[in-house]
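Dear colleague,

I am passing on the structure we spoke about, with the sequence alongside.

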Amino acid sequence: MNKARKRLPASGSQASVRRHEEQLPWKKQKLLDIHQALNSDPVDIETLQRAALSEGGLLTDDIRRKVWPKLLSINVYNLPAKPSKDVREDHKDYRQVVLDVKRSMRRFPKGMRVDEREVLQEQLIDIILDVLRRNPQLHYYQGYHDIVVTFLLVVGERMTIAIMEKLSNHHLRDFMDPTMDSTKHILNYLMPILERMDRELHDFMIRSEVGTIFALSWLITWYGYVLSDFRHVLRLYDFFLASHPLMAIYFAAVIVLYRQKEVKSSECDMASVHHLLSQMPQDLPYEELIGRAQSLFISCPPSLLTQSAALQSHNIIAISTFTDFQTSTLRQRPDSVLRQQLHKRHENQLTLPMSPQPASTNQLVKMAVWGLSATLGAAALAVAQTAMDWAPEFLSQLF
């Protein structure tokens with residue numbers, strides 16, 4: 001009878017890596033997991049989503065600049081061009097956008113120089129108008145700029161255009177209808193959730209006739225308008241980018257549930273309850289509430305809530321397109337491959353055979369080639385901050 005074969009020990013390098021992973025603090029382990037997911041082929045979107053959902057979210061702005069585009073299936077080597085000079089000409093929303101942006105000073109970091117803020121505000125105006133001009137089916141709403149400025153402060157102008165174009169056609173699409181009917185419909189998910197989780201609270205709010213309008217600014221700005229600490233806003237954006245488009249309304253529900261004692265203790269009238277709920281506490285336990293919102297979404301999915309009469313007979317575009325959107329994120333190549341493809345296209349363009357040109361045009365051809373090289377070089381430089389050769393810097397955060 002053969003003796004049972006002894007299991008061979010792991011090789012020295014494998015054992016060392018395994019021991020190191022077991023000993024890593026959770027933040028460094030998360031960094032390592034994100035790095036490995038970004039370099040998988042195809043990109044490991046599920047791991048990136050878990051990182052964005054779990055405690056601490058994506059941790060740093062550097063990591064957000066790598067992961068946010070992947071969560072939205074954006075190729076960082078194929079970003080939209082900067083808005084042209086004529087983007088503001090004869091645009092029907094120009095005046096309203098300018099008014100909203102000028103009122104957005106509180107959304108910029110304290111201590112930022114006035115001239116720096118003004119440059120960003122001009123970029124903010126151009127980004128909004130550029131996305132709207134490129135997508136005529138979209139309609140601007142007040143509060144949209146609060147979402148745009150959040151991305152602008154983290155990823156810069158061109159990446160923000162790409163992100164907002166994707167979000168505006170998916171997660172935010174229903175807010176950008178000609179009327180507010182779809183937005184009101186999404187707000188109508190709030191009361192059925194409360195009814196299932198706390199009938200007493202639900203009935204109190206119904207008697208007060210407070211409605212759901214107190215949560216409007218929460219929903220359409222992804223809480224950017226009502227939270228004063230930018231760190232909390234970024235944590236929620238990590239959460240929402242990795243979640244179902246209706247997660248913002250589930251988060252509204254957990255905030256109300258968290259404050260249920262305050263609500264029930266107030267006067268049962270519209271003015272009192274609306275005033276209480278419209279004042280967003282700035283010291284909320286965000287990680288706890290994010291966890292509750294995820295659990296709530298699982299126990300009360302949108303498909304279950306649509307049995308409510310108020311939620312029937314209305315198509316939510318963000319919901320109907322979400323499956324296809326999710327599928328599109330699963331077929332992405334890592335940035336190292338995308339960079340190689342860009343370089344290959346660049347080389348092919350430079351080596352294309354050209355028919356003989358008259359001597360008078362040779363100089364023009366040379367200038368065109370030089371211009372193409374300079375343009376591609378500038379494009380590569382523009383995305384370097386978000387995609388190129390970041391592994392050494394990233395791994396330096398681990399060890």
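What follows is an account of what was found, going from the whole protein to single residues.

Please keep in mind throughout that this is a predicted model. The secondary structure comes to 23 helices and zero strands, and of the 399 residues of the protein, 47% count as buried. Among contacts with a separation of 6 or more, 78% are made by residues 24 or more positions apart.

The largest nonpolar core has 114 residues, and those with the most contacts inside it are Y223 and F251. Its largest share, eleven residues, is supplied by helix α14, which runs over residues 247–258. Leaving out residues up to four places away in sequence, Y223 touches S217, W218, V233, L236, F240, A248, F251, A252, I255 and M280. M247 also belongs to helix α14, and at 5% relative accessibility M247 counts as buried, the cut-off being under 20%. With the same exclusion of sequence neighbours, M247 is in contact with F239, F240, A293, Q294 and F297. The C-alpha atoms of M247 and P302 are 9.9 Å apart in space, although 55 residues separate the two in sequence.

The UniProt annotation, from an unreviewed entry, assigns "transmembrane region" to residues 204–225, 237–258 and 367–388. In the model, residues 204–225 are 45% helix and 0% strand, with end C-alpha atoms 27 Å apart, whereas residues 237–258 are 77% helix and 0% strand, with end C-alpha atoms 20 Å apart.

The aromatic pairs come to a count of 16. One of them joins Y141 and F175, whose ring centres are 6.1 Å apart and whose planes stand at 80 degrees, so the pair is edge-to-face. Because Y141 lies in the loop between α6 and α7 and F175 in the loop between α8 and α9, this pair ties together parts that are 34 residues apart in sequence. Both Y141 and F175 are buried. F214 and W218 form another edge-to-face pair, with 5.5 Å from centre to centre and 75 degrees between the planes, and these two residues are buried as well. Ring pairs also link F214 and W218 into a cluster that includes W68, F151, W222, Y223, Y237, F239, F240 and F251.

Eleven of the twelve residues of α8 are buried, so the helix is largely enclosed by the rest of the structure. Among the buried residues of α8 are R158, M164 and E165.

How far apart are the side chains of N135 and E165 in the polar contact that joins them? The distance in that polar contact is 3.0 Å. Apart from its neighbours within four places in sequence, N135 is in contact with E165 and N169. At 7% relative accessibility, N135 counts as buried, and E165, its partner in the polar contact, is buried too.

With best regards

Terms used:
Residues numbered from 1 in each chain as written. Predicted model: local features only at pLDDT ≥ 70, side-chain atom pairs only at ≥ 80, totals over all residues. Heavy atoms only, no water. Buried < 20%, exposed > 50% of the residue type's maximum accessible area, 1.4 Å probe, protein only. Helix = DSSP H or I, 4+ residues; strand = E, 2+ residues; numbered from the N terminus. Core = buried A, V, L, I, M, F, W, Y, C linked by side-chain atoms within 4.5 Å. Contact = heavy atoms within 4.5 Å. UniProt positions renumbered as here; feature names shortened; annotations may be inferred. Polar contact = N/O pair within 3.5 Å; in protein donor to acceptor, adjacent residues only side chain to side chain. Phe/Tyr/Trp six-rings, centres within 6.5 Å; stacked < 30°, edge-to-face > 60°.
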